[in-house]
Amino acid sequence: MKCNIQEITNEVIRRNINLFENYEDWTKGAMSLSTIPEGKDIFHAISRLSTKYKWKENELKFSNAQRTNRTVTIATFLLMCKDNGIDIARYRIDDEANNLHQSCKSHLKTKPIGPQTMPKCQHSYIPWDYVKKSASYNSQLVEFLCGVVDVDTIRRLGDDYALGATKDGGVIYWQIDSNGNVRTGKIMHYNTETGHRIKDRQDTTNWVHSIMRKNRLISDFNLSQCLFGEHLLKIHPNKIVSVVESEKTALLGAAVYPEYVWLATGGKYALNPDKMKVLAGRKVIMFPDTDTTGDTYKYWVRKSKELTFCDCTVSDILEVNATPTQRSQKIDIGDWLIKNLSGCKDTISTVMTEKEEILNDMIAANHAIGLLVEELSLEIVA
């Protein structure tokens, strides 16, 4: 039985994973899928997960890929699925599929294909000069944060996370690993009033290494992503670690609970054990986002059991307390903090000094952050 691409695709669609979120991934997906008979239908099906989907543009994109592709194989598509949390191994059950798996591994080592891949070959790094030159508070995100937290807190966040800004107001989330190497920078734009991402841009998410490659400042680039904020682990070796999905949420968490080290995976399905090994020996609380089915929470609980090298618990505060409306909005702990920020700011410092005791109670009760809510008298917003 062959590697069932259609079943893998069905799982991608069921989980609502937009593999083609940016132009580079869209192009990469078209090239890869152009090599199989059912590729066009799959390309349209996944592209429809994006609000930017247009049938005619997709047709032209796929036709161009069929005409020009000479090097990209279906292995690229499989790697995109794998790097977004799809267990492609369970869809491969014979020698032919195993050969395809080996092809994936070889392709990964020799042809870096974009920001979602995590090759095990030698990593490429971006010079620190780019981080220094980008340092700025002139981003849409910081403008939004000015209405939520005080100036001193914003300065602290900017310094701790080395926040940068683009000329058009995008924030640059630099990924700096535990050795101080700059893996890449993730560029995102936000509505200054709501703090929500601006999704009607063609470059809703962009990457510094991609821009550098496009401008021929670099040629080959072997990307291996790390956790956002990872460099803070060595600076604060004794702090409890809080892991969230989005970089913005990590900043909000760090603003409100500075006694924790707040890190972001960068995506729902980015709990790669290799990426998480930097948490070895640490006490970790994980905060998955909500969704209408609870799949994200279940997935994080399942993946947390693989992180045997750290003392990890998954918070169920949103899973237990989020309303159907909040679930449909896919709120995260950052949204929760914003809504409750004014009511809890004065009491945080006294509560968080008991972090060790709180964490032990959390683990014992299996209600991670739930005890914090009780201690801080936070209100559940309907």
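# Close-up views of a predicted model

**View 1. K303 sits in helix α14.** K303 is found in helix α14. Helices (H or I, at least four residues) and strands (E, at least two) are DSSP runs, numbered from the N terminus. This is a predicted model: local features need pLDDT of at least 70, side-chain atom pairs count only at pLDDT 80 or more, and totals for chains, interfaces and linings use all residues. Residues are numbered from 1 along each chain as its sequence is written, and side-chain values use heavy atoms, with hydrogens and water left out. Is K303 buried or exposed? K303 is buried, with a relative accessible area of 14%. Buried means under 20% relative accessible area, exposed over 50%, and partly exposed in between (1.4 Å probe, protein chains only). Leaving aside neighbours within four places in sequence, K303 is in contact with L271 and P273. Contact means heavy atoms within 4.5 Å.

**View 2. An open sheet with parallel pairing has 4 strands.** The strand order is β6-β5-β7-β8. Two strands pair if DSSP finds at least two bridges between them. The edge strands are β6 (261–264) and β8 (311–314), and each pairs on one side only. From one strand to the next, the twist averages 25°. Strand β5 (residues 241–244) and strand β7 (residues 283–286) run parallel, joined by 3 bridges. Look for S242, which stands opposite I285 in β7. Helix α14 (residues 295–304) lies across β5, β7 and β8. Helix α14 runs at about 165° to β8. Axes here are lines fitted to C-alpha atoms, for helices over the stretch in contact, and angles run from 0 to 180 degrees between N-to-C directions.

**View 3. An open sheet with antiparallel pairing also has 4 strands.** Its order is β1-β2-β3-β4. β1 (164–165) and β4 (205–207) stand at the edges, each with a single partner strand, so one side of each is left without a neighbour in the sheet. How many bridges join β1 to strand β2? There are 2 bridges, and β1 and β2 (residues 171–176) run antiparallel. A165 stands opposite V171 in β2.

View 4. In helix α1 (residues 5–14), I5, I8, T9, E11 and V12 are buried. An α-helix has 3.6 residues a turn, so residues three or four places apart point the same way. What covers the buried residues of α1 includes α3 (39–47) and α5 (74–83). Just after α1, N16 takes a positive phi of about 60°.

**View 5. Helix α3 packs against α1, α2, α4 and α5 through its buried residues.** The buried residues of α3 are G39, I42, F43, H44, I46 and S47. Among the helices they pack against are α2 (23–33) and α4 (55–68).

**View 6. The largest nonpolar core has 78 residues.** A nonpolar core is a set of buried Ala, Val, Leu, Ile, Met, Phe, Trp, Tyr and Cys residues joined through side-chain atoms within 4.5 Å. Which residues touch the most other members? They are L19, L33, F77, Y161, Y173, W262 and L279. Helix α12 (residues 247–256) gives the most to this core, with 6 residues. Not counting residues up to four places away in sequence, L279 touches L227, L233, V241, V243, L263, V284, F309 and C310. Apart from this core lies another, of 12 residues, among them I126, V131, M212 and L223.

**View 7. R216 and K330 lie in loops.** R216 lies in the loop between α10 (208–214) and α11 (232–235). R216 has a positive phi of about 60° although it is not a glycine. At 77% relative accessibility, R216 counts as exposed. K330 is in the loop between α16 (324–328) and α17 (333–344). Phi of K330 is near 55°, a positive value in a residue other than glycine. K330 is partly exposed, with a relative accessible area of 36%.
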